[in-house]
Amino acid sequence: MTGPAALGIILVLIIAVSVLVYVLLINRYRPTMPAPAVAGRDVYVSLTTIPSRLNDGLTARIQSLNLRGVRQIILNLPMTFGRTGEAYPPIPASLAALPYLVINRVPTDLGPITKLLPTLDMVGGNGAIITLDDDIGYDIDVIPTLIDQWRTRSESTRLNSSHLVISYA
């Protein structure tokens, strides 16, 4: 079988395997995920990037955010970019100099979920985690807004990405 039909089958298989890996990884970490209903937890912002974006405005994007209520930003950087095997360039001095930023070097690139899983290992159940995408320009107050929503509606709100608030009420 060749052509579009074979490509479609391959695509479906890739998606199915990706979903399976995602579910297995999430279930592995579920017991340590922070419970938003518990008050008094530290808030962490977590992200990852790709080699080409490390020197391309990442520092400015982080500096543009209002970090009110955030204990630390954790940047999870694999040793190599999983998709291409490309090594990450040296960390820019301007990025390394941010006092609230922790650069967490991780051995394996897990894809986009790298922004969350290594942070769960670091923080465990002792914090709430907001994930950011490094290629999106956020409103300056997105983080305080999410934290305020979490604190005022903790019974029914979970933070599920840096730009979504999903209510389960």
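A contact here means heavy atoms within 4.5 Å. This is a predicted model, in which local features need pLDDT of at least 70, side-chain atom pairs count only at pLDDT 80 or more, and totals for chains, interfaces and linings use all residues. Residues are numbered from 1 along each chain as its sequence is written, and side-chain values use heavy atoms, with hydrogens and water left out.

**Figure 1. Overview of the fold.** The protein has six helices and six strands. Helices (H or I, at least four residues) and strands (E, at least two) are DSSP runs, numbered from the N terminus. Along the sequence they follow the pattern α-β-α-α-β-α-β-α-β-α-β-β. Among contacts with a separation of 6 or more, 73% join residues 24 or more positions apart. The accessible surface comes to about 9,600 Å² (Shrake-Rupley method, 1.4 Å probe; for residues, only the protein chains shown count as cover). Carbon and sulfur atoms account for 60% of that surface. Of the 169 residues, 38% count as buried. Buried means under 20% relative accessible area, exposed over 50%, and partly exposed in between (1.4 Å probe, protein chains only).

**Figure 2. The Arg53–Asp135 salt bridge.** A salt bridge is a side-chain nitrogen of Lys or Arg within 4 Å of a carboxyl oxygen of Asp or Glu. The whole structure holds five. In this one, the closest N and O atoms are 3.6 Å apart. Arg53 sits in helix H2 (residues 51-54), while Asp135 sits in the loop between strand S4 (127-131) and helix H6 (142-152). The two are 82 residues apart, so the pair links distant parts of the chain. Arg53 is partly exposed at 27% relative accessibility. Asp135 is partly exposed too, at 42%.

**Figure 3. The Arg68–Asp148 salt bridge.** The side chains meet at 3.3 Å, N to O. Again, distant parts of the chain are linked: Arg68 is in the loop between helix H3 (58-63) and strand S2 (70-78), and Asp148 is in helix H6, 80 residues apart. Arg68 is partly exposed, with a relative accessible area of 45%. Asp148 is partly exposed at 35%.

**Figure 4. The Lys115–Asp133 salt bridge.** Here the N to O distance is 2.2 Å. Lys115 lies in the loop between strand S3 (101-106) and helix H5 (117-123), and Asp133 in the loop between S4 and H6, so the pair ties together parts 18 residues apart in sequence. Lys115 counts as buried because its relative accessibility is 15%. Asp133, at 23%, is partly exposed.
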